[in-house]
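Biologist: I'd like to go through some labels on this one and hear what stands behind them. Can you take me through it?

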Amino acid sequence: MSGEVVFIEKCFIAIGVVVRSFVQHMRPIIIIDGAHLKGTFKGTMFLAVGMDANNQILPIAYGIGKTESGEEWIWFMSKLKECIGENPSLLIISDRAASIDLAIRTVFPLAYHCVCCRHLLMSLGLNGKAQNDMWWATCKAYTVNDFKHHLNILVKHRPDVLQTLNHIPPEKWTRAFAQCNRYNYMTSNSAESVNALSVQARKLPITKVLDFFTDVTQRWYFERRQAAEKNKNFLTPWAESKIFRRIRKCRSWTVAGINGSAFNVDDGKRRCVVDMQNRSCECRIWQLSGLPCCHAISASTFLKESDCSQWAVHWFRSEVHRATYAESVYSVPDPLNWEIPEDFSKIATPHMNKRQAGRPPENKRIPSKGEDSRPRECSRCHAIGHTRDRCRRPLSSEVGSSSRSIKQTNFVNSENFRQYIIENTMSTTQNSQKFEYNLKDF
C-alpha cells in the first residue's frame, strides 16, 4: 500500500547453482547451525552446509531471523525444503536444540536427524584427554560389540554419563546404531567453521552479511573448479589419501578365499568376511564410510587388482567433483547499475535491536585511529607484559622459606681446618657442611 512502511522481518538466500550442485552431485547430508548477529541488528543467522566429494564445506542456504525459536527454524527449514525437495535418504546433523528438533520433525519428517557428538560431549562434562578418547571411541564404533565394549570402559570411569545417555536414543549419536549412512560425520563442526569464518561479517549490516556469503561462495567455486580440473586421478585427493593410509596399514594381512566374491581377512586381531560383490565387510567400515576398508583392500590385492579405488562409492569420484563446480556463481551487480522500478517501495531497517537471551557479550572495543593499546602491568612486581595472576616472581614468604632451606656456608680457616679434612675424607658425605677457604688465613 502507498505510504505504508515495510520492515524486514526475515530473509532467506539460496543460490541456484549451489542448490543444483547439492541435489545432483553431493551426498544427502545437511549440517545446520545458528549464530548471533553482532552488529546493530541483534538477530540470528541460520546456516545449512553440505560436504563435497573432496570433504570441503559448501554453504547451501543461509538466512536471517529474529530469534532461534521453533517458529523461526520451521520457516527456514520450509524454505530450504522448497529448494532441495524431499529426499528419504536425507541426513541432518545439528546440536540438541529443541527448536531445531521441532523444525526437522515438522518440515522433514522422512529425514534422519542425528545430534552433534561434540555438543553432547560438552553436555556430559567429560574432561581430559583420556575421557575424551573413551567418548569418541564409543560414539565412533562401527559395530554394536565394539560400541558396548567402549561404553563399558567409559561408564566404569564416569558412571554418571548413563543418566543423560539413557534419555537420548542411541541411533541419534552413535555410528553403530545409526539408521542411515552418516558418512563418518559425527559433529556439526562444518557449520560452526563457517560461523567462525563470518564472525567479523556478522558485525556488519544485514545486506553486507548476505554479500559476504555470496562472495565466499563465488571464490570457492572458482578455486575448487580449477583444482578439480587439474586432478586427473579417479578419486578426489581427500579420498585417495584415506585409501593410501589404509593400504599401508594392511600390507601384512592374510587373505583366504571362500568363493569367487567372499574372502576371510585376518588382521592379526580379528577375522572379517568381505563380500566384494555386495560391497560389504563385517567391520562395517566399507558400508558406512563409502570407501573400501582395509579388509576389502586386502581382498582386492589378493585378486591381483592393480587399483582398489574402483570400490569407492561414486560420491568420491573426480568426475563428480568436477561436475559439482562446473557452473559459476555471479555476485550481485553494483547498485549504480540496478534498474529500480518506479513503484518500488523502500524497505525500512528491521526491528531487531533487542539483545537475545544467551547471547555472548561483545566486549571488544574498536580502538580509534592512532590510539595505542594500554600495556598490561603487573600489580605485584610492576613489570610490563603480564598481569598478577601470571606473575612468576616468587612472593616474599616463598623467598624466606627457600632461604631457610639453603645449607649454611662455612669458610675454612686455621681453626676449623682439621674439621674440614675429617669431614671431607669420610665415606658418607651427605650430611657434611659446605666449606670455602682463603689461603691468606693459613
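**What the labels rest on**

Modeller: Take R105, which is exposed with a relative accessible area of 52%. Residues are numbered from 1 along each chain as its sequence is written, and side-chain values use heavy atoms, without hydrogens and water. The model is predicted, with local features needing pLDDT of at least 70 and side-chain atom pairs counting only at pLDDT 80 or more, while totals for chains, interfaces and linings use all residues.

Biologist: Why is R105 called exposed?

Modeller: Exposed means over 50% relative accessible area, buried under 20% and partly exposed in between (1.4 Å probe, protein chains only). R105 has 52%, so exposed it is.

Biologist: What makes R105 and D101 a salt bridge?

Modeller: The rule asks for a side-chain nitrogen of Lys or Arg within 4 Å of a carboxyl oxygen of Asp or Glu. For R105 and D101 the N to O distance is 2.9 Å, so the pair counts.

Biologist: How do you know that R317 and E319 form a salt bridge?

Modeller: Their closest N and O atoms are 4.0 Å apart, and the cut-off is within 4 Å, so the pair is counted.

Biologist: Is R158 buried or exposed?

Modeller: Buried, because R158 has 15% relative accessibility and the limit is under 20%. The side chain of R158 meets that of D160 in a salt bridge at 2.8 Å, N to O.
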